[in-house]
Amino acid sequence: MKPSTIVFAMLPIISNAYKGDMTHYTPGLGSCGYNDAPSGGRDVVALSREMMNNGPNPNLNPKCGSKITIYNPSTKERHTATIVDTCWGCKKEDIDVNVELFYKVAPNGDGRVHGIMWNGKKVGGGKLPGAQQLVVQGGGV
């Protein structure tokens, strides 16, 4: 009997992007210390308490001012938003965005959209569908 060789290949594990519900809110003075009044003109997002993991002074959270990319599997479109706040009513992977961004991401949404995917350089999350790499930017405001 001739000995045989078994070869095991190590394949990288690719994690999926975060996936949760998306709701909308009217931004104001958020937990990051930025005042994004409705006429602020930029697309902003609040992450769940669990994702933000704020310390004693949430203004110093390194996630504040960083970007996430939001992907709607129904429309196959991507949008970028700046993290400015904590969503106290969100489950871990849910996000809360300003109204204008909500209707860009989900033009037919009724206030809550299920299955929205997202990731970000400072918050993690794996690849979004069709992405070669994370499509995010870091940095401040």
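Helices (H or I, at least four residues) and strands (E, at least two) are DSSP runs, numbered from the N terminus. The model is predicted: local features need pLDDT of at least 70, side-chain atom pairs count only at pLDDT 80 or more, and totals for chains, interfaces and linings use all residues. Residues are numbered from 1 along each chain as its sequence is written, and side-chain values use heavy atoms, with hydrogens and water left out.

**Residues of strand S1**

- Asp-21 lies in strand S1, which spans residues 18–25.
- Asp-21 has a relative accessible area of 16% and is therefore buried, a term that means under 20%, with exposed over 50% and partly exposed in between (1.4 Å probe, protein chains only).
- The side chain of Asp-21 forms polar contacts with the side chains of Arg-112 at 3.0 Å and His-114 at 2.8 Å.
- A polar contact is a pair of N or O atoms within 3.5 Å; within protein, one must be able to donate a hydrogen and the other to accept it, and residues adjacent in sequence count only if both atoms are side-chain atoms.
- Thr-23 also belongs to strand S1 and is buried, at a relative accessible area of 14%.
- Beyond four places in sequence, Thr-23 is in contact with residues including Ile-95, Phe-102 and Arg-112, where contact means heavy atoms within 4.5 Å.

**Strand pairing**

- Six strands form a closed barrel in the order S1-S5-S2-S4-S3-S6, with mixed pairing; two strands pair if DSSP finds at least two bridges between them.
- Strands S3 (residues 67–72) and S4 (residues 77–87) are paired antiparallel over six bridges.
- Tyr-71 stands opposite Arg-78 of S4.
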